[in-house]
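Here is a structure to read slowly, asking at each step what a given word rests on. The questions below take up a few such words in turn.

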Amino acid sequence: MTRLHNFCAGPAAMPAAVLERAREELLDYQGQGLSVMEMSHRSPTFEAIAARAEQDLRDLLAIPDNYRVLFMQGGATMQFACVPLNLLGGGGTPNYLDTGIWSTKAIKEASHLGGAHVAGSSREAGYAQVPRPDELALSGDAAYLHYCHNETIGGLAYDYVPEARSAQGDIPLVCDMSSSILSTPIDVSQYGVIYAGAQKNIGPAGITVVIVREDLLERAMPHTPSLLGWKVYADNASMINTPPTYAWYLAGLVFQWLKQDIGGLAEMEAINRRKSESLYAAIDASDFYANPIMPANRSIMNVPFTLADESLNATFLEEAESAGLLNLKGHRSVGGMRASLYNAVSEADVRALITFMQDFERRRG
Ligand SMILES: *Cc1c(COP(=O)(O)O)cnc(C)c1O
């Protein structure tokens, strides 16, 4: 059996230790005589799996007691609709920051539901940086401020937490953290809502984590479909209907891996910084490779890069694949290459990539 170096943007690499544990428990979960995917979500065994996953996530992120953790389906894309549906019941205008493709999709969805005010954008700067704090201009009636912490496609990340304040006072800060959650410690209390699809840093596709401050559960628009309403999940332990039980279990194993094998998010951040810094250093040291993002806003999770000679793109990808380096093709909307360095991507994986890149440049540059 061979496990290759996987830089996929999502669904992304999983920690090998987690997959091994899942394999051990696949046919017979802890002597129960059946697999986790075959048991009732209402059974005490699964309830314990679900509760443990939530508690481990709370421990990792130090989630305060006045926040609820919801496990939903539909991905981060469904949350683009859930956010306005659940927060605009009291009126007001949703405010958004625009830093690229994912924030633009969130803005589009909100515009269908309530009209969105773009309170800051780096579109004119080619999305090579995030809007500066003094450039943000919220509308006077802002109901919330939404931003995408890490633009997975552009490779652009915030180096500060935006201030969510309108003329009327503090408003909830809402963050799409799909591609950066659990990569560093964060201060959850600065946010009203954090959401993230699982398939980058949490687990397999099919489950979505929503962390919401309790008082915000009362703001849904009337007629919000029950499966899109956060309060329904909060009131029913995220089991209003059959949840994606196996994805939930695997997410729980990833949380245990982060706590026990890695030692927590400060340790994870140190590893992630070493990985991304070494790759950016290799790119910057070469005239053959380039990354367009302003250094302060470079993502530690997704590193896009281009070759000076674009006609070598296909050869680069073919040779990379032969060298066991998978999924380096950039998103179809931007082209070039992208290496995603999520938590499960090891320092050895990144060293193998850098060695290949340097060798390719020597031979073809
Ligand atoms: C992947 C991603 C999404 C979309 O996630 P789905 O689970 O496919 O809906 C949204 N936002 C960001 C930042 C992402 O990285």
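Q: Why is Phe360 called buried in this model?
A: The model is a predicted one, and in it Phe360 has a relative accessible area of 0%; since buried means under 20% relative accessible area, Phe360 counts as buried.

Q: What makes Phe356 count as buried?
A: Its relative accessibility is 8%, and because the limit for the word is under 20%, Phe356 falls on the buried side.

Q: Why is the ring pair of Phe356 and Phe360 called tilted?
A: The ring centres lie 5.9 Å apart with the planes at 35°, and a pair needs centres within 6.5 Å, while planes under 30 degrees apart would be stacked and over 60 edge-to-face; the pair is therefore tilted. Both residues belong to helix H9 (residues 347–364), where they are four residues apart, about one turn of the helix.

Q: Why is the pair of Tyr289 and Phe305 called edge-to-face?
A: Here the centres are 5.8 Å apart and the planes stand at 85°, and because an angle over 60 degrees is edge-to-face, the pair takes that name. Tyr289 lies in strand S13 (residues 289–290) and Phe305 in strand S14 (residues 302–307), so that the pair links parts of the chain 16 residues apart.

Q: How do you know that the buried residues of helix H1 (residues 16–25) lie on the same side?
A: These residues are Val18, Ala22 and Glu25, and they cover an arc of only 70° around the axis, which puts them on the same side of H1. The face turned away from that side carries the exposed residues Arg23 and Glu24.

Note on methods
Residues numbered from 1 in each chain as written. Predicted model: local features only at pLDDT ≥ 70, side-chain atom pairs only at ≥ 80, totals over all residues. Heavy atoms only, no water. Phe/Tyr/Trp six-rings, centres within 6.5 Å; stacked < 30°, edge-to-face > 60°. Helix = DSSP H or I, 4+ residues; strand = E, 2+ residues; numbered from the N terminus. Buried < 20%, exposed > 50% of the residue type's maximum accessible area, 1.4 Å probe, protein only. Arc of directions from axis to C-beta.
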